Amino acid sequence: MPENPRLQLLQMLDGRAHSHLVVNEIFLSIQGESTHAGRPCVFVRTAACNLRCSYCDTAYAFHEGRAMDLNEVLSQVLALETRLVELTGGEPLLQPAAPELCRRLLAAGREVLVETSGSVDISVVPQGAHVILDVKTPGSGEEAANDYGNLARLRPGDEVKFVLVSRADYEWARDLVRQRELHRHTTVLFSPAFRLVAPVDLARWINDDRLPVRLNLQLHKYIWPPHQRGV
Ligand code: SF4
């Protein structure tokens, strides 16, 4: 756990926590994950995260960001003229103004996704926005941070994602899916951590177990160089 990211955010927001977001980047790309993979999507990446996953590919967002008025965020997003918008991070739900941004985007006719680490209560996400809920595996190093209460807070249209770094992670996730019957309530995504688990291996494991989950490749890492930012 990093040193107090909430305090870091509040210092950056300096009394403007309900009207501003600390934003790392806003960009148009192709959605790489979830059942929305392949769709043009505007990403709003917020700064700061309360976790430190072993495979994190957005560590640059831990500290880099500037406080932006919600109106400015909204106008930059709408100027990109794209129906699908994802709020991601960092951890977007650390930001007190994130739910209000979702409401304004929904009111502007956008489809809204919120990608969250699963360590923060997702009930703040307004009705109509869809959560992509990460469940942290042992291989992430952040399993203890999971708020398992979030699994009961999922709504129709939400999705659950496991990023897997090994066969042991796969078995842990498989057992959780079966015990909680997650596939009966939501879409379950199994994602191989890039270059740590081969997609062909994960495909075989899923099929050998007849597991009712979706193989989730990070499409953007196949389209662009894997470490390229802003895609
Ligand atoms: S939750 Fe996401 S942004 Fe935070 S450390 Fe993990 S992978 Fe990185």
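Begin by colouring the strands (DSSP runs of E, at least two residues, just as helices are runs of H or I of at least four, both numbered from the N terminus): nine of them form an open sheet with mixed pairing, in the order E3-E1-E2-E4-E5-E6-E7-E8-E9. Two strands are counted as paired if DSSP finds at least two bridges between them. Strand E3 (66-69) and strand E9 (214-215) stand at the edges with a single partner strand each, so one side of each has no neighbour in the sheet.

Before going further, note that this is a predicted model, in which local features need pLDDT of at least 70 and side-chain atom pairs count only at pLDDT 80 or more, while totals for chains, interfaces and linings use all residues. Residues are numbered from 1 along each chain as its sequence is written.

Select strand E7 (residues 159-164) together with strand E8 (residues 187-192), which pair in the parallel sense over six bridges.

How many of the residues of E7 are buried? Six of its six are, where buried stands for 20 or more other C-beta atoms within 10 Å of the residue's own, exposed for 12 or fewer and partly exposed for anything in between, with C-beta atoms placed from the backbone. In a regular strand the side chains alternate between the two faces of the sheet. In E7 both faces are covered, with Glu 159, Lys 161 and Val 163 buried on one side and Val 160, Phe 162 and Leu 164 buried on the other. E8 is largely enclosed by the rest of the structure, because five of its six residues are buried. Moving on to E9, you will find that it runs parallel to E8 and is joined to it by two bridges, with Arg 214 in E9 as the bridge partner of Leu 189.

**Helix H2 against the sheet**

Next select helix H2 (residues 70-79), which packs on the sheet and touches strand E1 (20-30), strand E2 (40-46), E3 and strand E4 (84-88). Contact here is taken as C-beta atoms, placed from the backbone, within 7 Å. The direction of H2 makes about 5° with that of E1, the axes being lines fitted to C-alpha atoms, for helices over the stretch in contact, and the angles running from 0 to 180 degrees between N-to-C directions. Within H2, centre on Asn 71, which is exposed, with 11 other C-beta atoms within 10 Å. Draw a distance from Asn 71 to Arg 104, and the C-alpha atoms will be 9.2 Å apart, although 33 residues separate the two in sequence.

**The nonpolar core**

In soluble globular proteins, nonpolar side chains tend to be buried together. The largest nonpolar core in this model has 53 residues, and those with the most contacts inside it are Leu 21, Leu 101, Cys 102, Val 114 and Leu 164; such a core is a set of buried Ala, Val, Leu, Ile, Met, Phe, Trp, Tyr and Cys residues joined through C-beta atoms within 7 Å. Centre on Val 114 and, leaving aside neighbours within four places in sequence, show its contacts, which are Leu 87, Pro 92, Cys 102, Val 125, Ala 129 and Val 131.

**The ligand and its cis peptide**

Now select the ligand, around which stand Cys 49, Leu 51, Arg 52, Cys 53, Cys 56, Thr 58, Gly 89, Gly 90, Glu 91 and Ser 117, each with its C-beta atom, placed from the backbone, within 6 Å of the molecule. By class this shell has four nonpolar, four polar and two charged residues, where Ala, Val, Leu, Ile, Met, Phe, Trp, Tyr, Cys and Pro count as nonpolar, Asp, Glu, Lys and Arg as charged, and the others, Gly among them, as polar. Inspect the peptide bond from Gly 89 to Gly 90, which is cis with omega near 10°.

**Two loop arginines**

Finish with Arg 195, in the loop between E8 and helix H6 (199-208), and Arg 210, in the loop between H6 and E9. Most residues other than glycine have a negative phi, and most peptide bonds are trans. Phi of Arg 195 is near 65°, and that of Arg 210 is about 50°. Arg 195 counts as exposed with 9 C-beta neighbours inside 10 Å, and Arg 210 counts as exposed with 6.

Key:
Contact = placed C-beta atoms within 7 Å.
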